[in-house]
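User: I would like to learn how to read a structure by looking at what its side chains touch. Could you take me through it step by step?

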Amino acid sequence: MDQKAFHMTLLFDFYGDLLTDRQKEFYDLYHNEDLSLAEIAENFGITRQGVRDAIKHGEAALDELEAQLGNARRHARMQEDLARLHQLVMEIRCCNSGLFNPVPRIRTDTDEMLKIIERLDAQEDTDGV
């Protein structure tokens with residue numbers, strides 16, 4: 001999947017319910033079911049251009065919602081931050097386990113940190129998408 005298609009899929013996950021029923025249906029058939037514009041047009045008895053316009057208007061609406069609300073951007077940043085925190089915790093653990101006398105408290109603290117990261121990640125998934 002190219003970057004634009006991935007971006008539009010992410011926006012659709014966040015804002016798709018705000019599109020018209022027809023925009024949602026055409027978007028799904030075109031992007032997810034991989035039907036051509038001609039196939040969709042034939043199924044709905046409209047022109048290929050009519051299908052294209054509905055999809056393009058839907059994509060423009062998704063872009064506009066993201067520009068105004070920024071939920072997908074925030075979600076992506078949060079996922080990057082959580083991944084980085086996880087990496088740092090694992091590095092701390094690794095350094096501690098390599099010590100001649102590992103500090104037990106570091107293991108306990110990093111266990112707690114990992115639980116917090118997992119909880120935030122799960123919350124982000126349910127709140128975000």
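User: Leaving aside its neighbours within four places in sequence, which residues is leucine 62 in contact with?

Analyst: Bear in mind that this is a predicted model. Once neighbours within four places in sequence are set aside, leucine 62 is in contact with Met8, Leu11, Phe12, Tyr15, Gly16, Leu19 and Tyr27.

User: Is glutamate 59 buried or exposed, and what is it in contact with?

Analyst: Glutamate 59, which lies in helix 4 (residues 48-69), counts as buried because its relative accessible area is 6%, under the 20% cut-off. Beyond its neighbours within four places in sequence, glutamate 59 is in contact with Lys4, Met8, Tyr27 and His31.

User: How many disulfides does a search of the whole structure find?

Analyst: A disulfide is a covalent bond between the sulfur atoms of two cysteines. The search of the whole structure finds 0 disulfides. Cysteine 94 is in none, and the nearest cysteine sulfur, that of cysteine 95, is 5.8 Å away, whereas a disulfide needs the sulfur atoms within 2.5 Å. Cysteine 94 is exposed, at 53% relative accessibility, and cysteine 95 is exposed with a relative accessible area of 57%.

Key. Residues numbered from 1 in each chain as written. Predicted model: local features only at pLDDT ≥ 70, side-chain atom pairs only at ≥ 80, totals over all residues. Heavy atoms only, no water. Buried < 20%, exposed > 50% of the residue type's maximum accessible area, 1.4 Å probe, protein only. Helix = DSSP H or I, 4+ residues; strand = E, 2+ residues; numbered from the N terminus. Contact = heavy atoms within 4.5 Å.
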